[in-house]
Amino acid sequence: DYLNPVAETMTGISLTRARGKPLEEVVRTFDQNGQRVVPPPVKECLVEGRAVHASQYLLLRGESEERTISWNANPIRDSSGAVQGLVLAFADVTRVLALTREMVRQATHDGLTDLPNRVLLEDRLATALPRAHRADEQVAVMFIDLDGFKKINDGLGHAAGDQLLREVAQRLKESCREEDSVARWGGDEFIVVLERLHSRDIAASRASQLIQSLAQPFSLAGQEVSVTISIGISFFPKDGKDAATLLKRADAALYRAKEEGRNGFRFYSARMSARARERLSVEKSLRDAMGNGEFVLHYQPQIELGTGRIRGLEALLRWNHPQQFLLTPAHFLSVAEQSQLIHALGDWAMRTAFTQLADLQRRGLHDLQMSVNLSPRQLIKRDLYARISQGLEESGVDPSQIALEISEELLLKEPNELAPVLNSLRDLGVRIAIDDFGTGHSSIGYLKRLP
């Protein structure tokens, strides 16, 4: 009977052409999939006499243009209440709907890799676990971490690091089945959830495939870069009945995989939880110990046998534990490195050793050399040069009387990355020494490559 100008535009039919035609020929609507015709609510209004409020139908304009609409339909009644007709009002919600979908996507997907984020992953796990329980199946949760990702960021820049994360995400998706879920947990950590499993062997096989897939070189910033991954795996229902427990235990297995050399995978076991609790306990005790002043330095002398003179000292860190007495670094150093406490602890040891050397010089012992150990974590910290320089300046000791000792194992793993760091330290005037040289697989050849 009547179309207003907006209705003419949205349907693509003028009032002149539309007048007198059946409503469904003018307002051609379908469900959201575009498969099923959804006619306007003529029967509901004219026969049943009720109003209809609905949304998210597809309105076809012309032969191919589709818009998403919502509509309200109401019967028109005369003074006696009898239905005489209907009025249909519809609005274009295409843009609003697209905006809403984009907001939902941003809330549930990682902005860099476009993978599901933590929110969506936990939601998927919440539906996957009951489904697996009903079907008497297993679900594997894989916690994946890139080994040495920080070196890529530091060496090639954050743009290259972001590119690597995107390409890793793509390879993970390509290596997984349609029913599996791949998500970015944060940083360089990813989660893969494997459903419909009946044995651990399948998860082990899939983990090996992922390791092989990501072992293929990446092209970043004009260079070929190889990375390895470590994977921790937990299983529903054996290792946990809820998402939080499974993720926590997969993370514990990942930590163990890294401890045992990286570039591999480990299944969760109950012993790992005990180790994790012990590690947290030691970490808390370490923080308390730093605040309570429980750390001390012991000095091992280096003696010139021909004269009996003390020519140097090596500073050795000890923890004067209130219950366990005197502890060597073997009892706490790995925890300190994992928790980042090593930086504060290392700074304290270094400054204390420098101050001790300055005190000995004031007492007349001018030709002593002080050796201080640096941990691997300290060496990769960007402000190491500034912190050592400040310590030397505050103590007033001659840099040439300081020797910084670095473990042989670290030099074997990262010789090229460490060379610039060691060169900058040599520029300060300090000496560099290799600790425990010859106990690993290094050779004199390595000495020629390093300052």
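**A hairpin and its surroundings**

Tutor: Strand β6 (residues 181-186) and β7 pair in the antiparallel sense, with five bridges between them. Strands here are DSSP runs of E with at least two residues, helices are runs of H or I with at least four, and both are numbered from the N terminus; two strands pair if DSSP finds at least two bridges between them. Before we go on, please note that this is a predicted model, in which local features need pLDDT of at least 70 and side-chain atom pairs count only at pLDDT 80 or more, while totals for chains, interfaces and linings use all residues. Residues are numbered from 1 along each chain as its sequence is written, and side-chain values use heavy atoms, with hydrogens and water left out.

Back to the hairpin. Two residues lie between β6 and β7, and Gly187 has a positive phi near 60° there. Across the pairing, Arg184 is opposite Phe190 of β7. β7 also has strand β5 (residues 138-147) as an antiparallel partner, through seven bridges; in that pairing, Asp145 has Glu189 as its bridge partner. Seven of the nine residues of β7 are buried, so the strand is mostly covered. Buried means under 20% relative accessible area, exposed means over 50%, and partly exposed is in between (1.4 Å probe, protein chains only).

Beyond four places in sequence, Glu195 is in contact (heavy atoms within 4.5 Å) with Ala128, Arg131, Gln138, Arg177, Glu179 and Asp180.

Now to the nonpolar cores. A nonpolar core is a set of buried Ala, Val, Leu, Ile, Met, Phe, Trp, Tyr and Cys residues joined through side-chain atoms within 4.5 Å. The largest one has 42 residues, of which Leu286, Phe332, Ile402 and Leu425 touch the most other members. Helix α13 (residues 341-362) is its main contributor, giving 10 residues. Apart from this core there is another, of 32 residues, including Ala169, Val192, Phe218 and Ile231.

What about rings paired with rings? Seven aromatic pairs turn up in the whole structure. Rings of Phe, Tyr and Trp (its six-membered ring) pair if their centres lie within 6.5 Å; planes under 30 degrees apart count as stacked, over 60 as edge-to-face and the rest as tilted. The Phe235 and Phe267 pair is tilted, because the planes stand at 50°, with centres 5.4 Å apart. Phe235 is in strand β10 (residues 228-236) and Phe267 in strand β11 (residues 265-267), so this pair links distant parts of the chain, 32 residues apart. Phe235 is buried, with a relative accessible area of 1%.

Finally, return to Ile402 of the largest core. Ile402 is the bridge partner, in β16, of Met370; β15 and strand β16 (residues 402-407) are parallel, paired over five bridges. β15 also runs parallel to strand β13 (residues 309-321), joined by three bridges, and there Leu313 is opposite Met370. Five of the six residues of β15 (residues 369-374) are buried, so the strand is largely enclosed by the rest of the structure.
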